[in-house]
Amino acid sequence: MDCAATDADGGRIRFRAAQSDHPSWVVFIDVLPHGHEPLDDFVEPCVTPPEPALRIRVSSAGIDGFGEHRHARSTRSYETHVGIDVDGDAKGDTFVPVATVDEHTCPWDLGWEIYVMRGECGHLIGRIDGLPVDETDVAPFVGGVRRIETVATWGSANGVGPEPTQRTRVRTYAMRDGTLRAEGDETNEAACAHCGITSCQVLPP
């Protein structure tokens with residue numbers, strides 16, 4: 001369920017409800033700024049978003065807190081989907097995975113093109129790396145689009161000794177001159193004796 005209400009001063013409140021674990025429901029309330037209007041001027045034309053699909057195998061290996069070697073492997077699928085409402089029109093917008101990726105691209109580095117939807121077609125506003133964090137739902141608007149943040153954490157070899165390094169990368173994007181642009185990119189590192197070392201492989205279609 002997804003609906004919106006507008007008050008006399010132009011402020012809008014959006015109510016969203018989604019089923020979680022049966023029979024539970026989760027309710028979201030978005031408060032939009034007074035006078036906020038969804039975008040009506042775009043650089044790119046309104047088109048049907050493409051629908052590529054990708055599969056990425058993620059492997060992780062390391063020593064756990066009991067001194068035992070652990071290994072995990074999973075295959076994750078990524079495809080075009082309706083994601084968060086980036087422009088505040090009470091309708092989810094479309095996220096399209098970028099098909100041209102390096103063979104060792106990990107999910108948190110996978111590019112996503114964002115299409116702001118208008119009916120059955122959408123306007124491409126730019127690309128981000130990684131999917132938005134949940135807090136993007138309530139982030140401030142810049143240029144008519146919410147500021148977008150993506151966060152990734154993974155373990156890797158440090159190139160010096162056996163102790164892995166845990167890396168956390170935070171990237172932010174904001175709408176400037178009609179296009180979503182990278183605004184910040186920061187990676188923090190910390191030694192992590194029991195972190196797994198992660199590797200990725202993009203699988204053939």
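1. Asp-177 sits in the loop that links strand 14 (165–176) to strand 15 (179–191). Strands here are DSSP runs of E with at least two residues, numbered from the N terminus. The phi of Asp-177 is near 55°, a positive value in a residue other than glycine. Asp-177 is exposed, at 73% relative accessibility; exposed means over 50% relative accessible area, buried under 20%, with a 1.4 Å probe and protein chains only.

2. This is a predicted model, in which local features need pLDDT of at least 70, side-chain atom pairs count only at pLDDT 80 or more, and totals for chains, interfaces and linings use all residues. Residues are numbered from 1 along each chain as its sequence is written, and side-chain values use heavy atoms, without hydrogens and water.

3. Ala-90 also has a positive phi, near 70°, and is not glycine. Its loop runs between strand 7 (81–82) and strand 8 (94–97). Is Ala-90 buried or exposed? Ala-90 is buried, with a relative accessible area of 15%.

4. The largest nonpolar core has 25 residues, and those touching the most other members are Val-86, Ile-114, Ile-125, Ile-128 and Leu-180. Such a core is a set of buried Ala, Val, Leu, Ile, Met, Phe, Trp, Tyr and Cys residues joined through side-chain atoms within 4.5 Å. Among the elements giving two or more residues to this core are strand 9 (111–118) and strand 10 (121–129).

5. Beyond its neighbours within four places in sequence, Leu-180 has contacts (heavy atoms within 4.5 Å) that include Ile-114, Val-145 and Tyr-173.

6. The protein chain has 0 helices and 16 strands. Of its 205 residues, 38% count as buried.

Key. Helices (H or I, at least four residues) and strands (E, at least two) are DSSP runs, numbered from the N terminus.
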